[in-house]
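Okay, everyone, thanks for coming.

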Amino acid sequence: MNVGVAGLGRMGAAIAKRLMEVGHQVTVWNRTAGKTKTLVDAGAKAAGSPEELANQVDVIISILTDAPAIETVYSGKSGLLSGNVKGKLFIEMSTVRPETEVALAKKVVAKGAAMVECPVGGTVGPALQGKLLGLAGGEVSDVARARPLLEQMCRRVDHVGPIGAGASMKLAINLPLAVFWQAFGEAYALCKHLGGETGWLVELFADTSGGPNVLKARGPVVAAALRGAEPGAATFDCDSIRKDLRTMVEEAHARGFDLPLAERTLAVYDEASKKGWGKRDCTEIPVYWADKKK
Ligand SMILES: NC(=O)c1ccc[n+]([C@@H]2O[C@H](COP(=O)([O-])OP(=O)(O)OC[C@H]3O[C@@H](n4cnc5c(N)ncnc54)[C@H](OP(=O)(O)O)[C@@H]3O)[C@@H](O)[C@H]2O)c1
């Protein structure tokens, strides 16, 4: 299949690579054009604009930072929706508020195309292996049309409801994860002085009732971060968690309720970001708190 990927950030680049590996002809576009090079060297085609990308492929995947990025890439000058998109399928995978996906889907449908949203759980490693968790929203027939492709990107795809439902579910599943990194930092601060070997410590936490899956999945990386080892490239950084928390809080306020824990966590991450931790991986965030003195 001719698949287009708009947005070659950490996730988009990994998804494009995965789709090439399972045999698709992939065309890519990214605002910062230099990021297409590795994929083009591996056999992808590069489009000069989102419009050109939409003209060249049957299915267009987008995974971008936030709502303003979606607005620019879809509806800006030479945007995806300026292309010949009649009958084509869009799969929008960014983490944004439901209203962003609902508004976008209306524009896509007005152009005679179909749209499924499918924000994902999992980071770069699972994206490269086709093991993301897909939270699909859309019409039953559109999700059925997208499913074969989604199943090449995801270990599990749940159709959670109409457009917007995937975004709601994605914000929901990321909340405990965002709070967890801070909770783990506070927990580590309580036991750091014991000087336990960090691999053992992470494994012990992972074996308790409060130990989330991420400690099993990324245990060695978390242990290395606690040891102060040289970190690799960030896959999900503190500033991205802040963006997600802000989006959750905005969504809750729009629905008429507060998220006290998320709001407090956001304040702590804002502070960490101001002190230079914004681009550091989530697995390093506990270290910020544990090393901080009153
Ligand atoms: N990283 C993860 O583990 C993870 C996991 C699940 C979901 N997500 C979600 O997936 C989305 C992408 O995340 P990521 O980690 O891949 O982010 P990233 O590495 O920061 O990449 C962001 C992408 O959005 C593009 N972009 C941002 N603003 C733009 C604008 N105004 N116009 C055009 N393009 C714009 C960037 O283009 P440039 O390269 O030109 O800056 C880049 O391609 C986010 O919504 C994130 O919350 C991330």
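Predicted model: local features only at pLDDT ≥ 70, side-chain atom pairs only at ≥ 80, totals over all residues.

Is Asp-237 buried or exposed? Asp-237 has a relative accessible area of 4%, so it's buried. Its partner is Arg-10, and the two side chains meet in a salt bridge, 3.0 Å from N to O. Now, Asp-237 lies in the loop between α11 (219-227) and α12, while Arg-10 is in helix α1, so this pair ties together parts that are 227 residues apart in sequence. Arg-10 is at 37% relative accessible area, so we call that one partly exposed.

Here's another pair like that. Asp-281 and Arg-218 form a salt bridge through their side chains at 3.6 Å, N to O. This one links distant parts of the chain as well, 63 residues apart: Asp-281 is in the loop between α13 (260-277) and α14 (285-291), and Arg-218 is in the loop between α10 (213-217) and α11. Both Asp-281 and Arg-218 are buried.

Then there's Asp-158 with Arg-156, a salt bridge at 2.9 Å, N to O. Asp-158 comes out at 26% relative accessibility, so partly exposed, and Arg-156 is partly exposed too, at 45%.

How many salt bridges does a search of the whole structure find? The search turns up 18. Some of the residues are linked up in a network, namely Arg-97, Glu-99, Glu-251 and Arg-255.

Okay, over to the ligand. It's surrounded by 24 residues, and the closest are Asn-30, Thr-32, Lys-35, Thr-123 and Thr-235. If you sort that shell by type, you get 8 nonpolar, 10 polar and 6 charged.

What do the ligand's oxygens find around them? Taken on its own, the ligand has 900 Å² of accessible area, and the protein covers 87% of that. As for which elements give two or more residues to the shell, those are α1 (10-21), α4 (67-75) and α12 (238-254).

That's me done, so over to you for questions.

Key
Residues numbered from 1 in each chain as written. Heavy atoms only, no water. Near = heavy atom within 4 Å. Areas by Shrake-Rupley, 256 points an atom, 1.4 Å probe, with all protein chains shown as cover. Helix = DSSP H or I, 4+ residues; strand = E, 2+ residues; numbered from the N terminus. Nonpolar A, V, L, I, M, F, W, Y, C, P; charged D, E, K, R; others polar. Salt bridge = Lys/Arg side-chain N within 4 Å of Asp/Glu carboxyl O. Buried < 20%, exposed > 50% of the residue type's maximum accessible area, 1.4 Å probe, protein only.
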